[in-house]
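Let's take a friendly walk through this model, one residue at a time. Have the sequence and the 3D view ready.

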Amino acid sequence: MTEETPGFEEKPDVPSGATPEDAEPKAAPTSAAAEGAAPAGDANQTAGLVAQLDQVRTALGERTADLQRLQAEYQNYRRRVERDRIAVKEIAIANLLTELLPVLDDIGRAREHGELLGGFKSVAESLETVAAKMGLQQFGKEGEPFDPTIHEALMHSYAPDVTETTCVAILQPGYRFGERTIRPARVAVAEPQPGAQPVQAEDGTEAGDEKDNGPEEG
């Protein structure tokens, strides 16, 4: 067992020709250099994240616009389907009611002649009630002004007691379903009698009074 001499410190071997400073351990790189490189890396990473975020926002905006367009197209499609469904339903009901009009005409004639009696009366009234519930409306009355859009004139005459073309007789009532006229009312019309209504002057006298009451030529 060897004894160590007190106060003696071992020194690392120094290669021949080397200075004592070479034997000193080299210090690690300063943290200042590392700290200088870190902000540059963080900036690059932040810029990359911002670019990715912009791409995501752009893609989200495009997908949102596509979704809104699809929703609008779907709503338009639903409205078209609903309009077509209602139109088809109305056409079907109007066609059915048109086929029933001759039966309703027979019921009307039987009522006028007092032949709507017994069980036939009950069935006839039930049929008229069902037709009314389906939306069938009868029109055409004596004394109303003639309207060529809803009236069909089958007879024509002159009358001194009318001031405009007037329906004086309803030969066959008209029917409408909603806003659709499925049959015009067939009527007899009367026009004012030519010369029957004297033209009134502004002072209330008839137009021919001045000629009748003027001075006679002699």
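Glu 115 counts as exposed because its relative accessibility is 54% (buried means under 20% relative accessible area, exposed over 50%, partly exposed in between, with a 1.4 Å probe and protein chains only). You will find Glu 115 in the loop between H2 and helix H3 (118-133). Leaving aside residues up to four places away in sequence, Glu 115 touches Ala 110 and Phe 120 (contact means heavy atoms within 4.5 Å).

A word on the model: it is predicted, so local features need pLDDT of at least 70 and side-chain atom pairs count only at pLDDT 80 or more, while totals for chains, interfaces and linings use all residues. Residues are numbered from 1 along each chain as its sequence is written, and side-chain values use heavy atoms, with hydrogens and water left out.

Now turn to Arg 183, in strand S5 (residues 180-183); helices (H or I, at least four residues) and strands (E, at least two) are DSSP runs, numbered from the N terminus. Arg 183 counts as buried because its relative accessibility is 9%. Not counting residues up to four places away in sequence, the residues that Arg 183 touches include Leu 101, Phe 139 and Tyr 175. The side chains of Arg 183 and Asp 105 are joined by a polar contact of 2.7 Å (a pair of N or O atoms within 3.5 Å; within protein, one must be able to donate a hydrogen and the other to accept it, and residues adjacent in sequence count only if both atoms are side-chain atoms). A polar atom of the Arg 183 side chain also lies 2.7 Å from the backbone oxygen of Pro 173.

Finally, look at Tyr 74 in helix H2 (residues 31-112). Tyr 74 is partly exposed because its relative accessible area is 46%.
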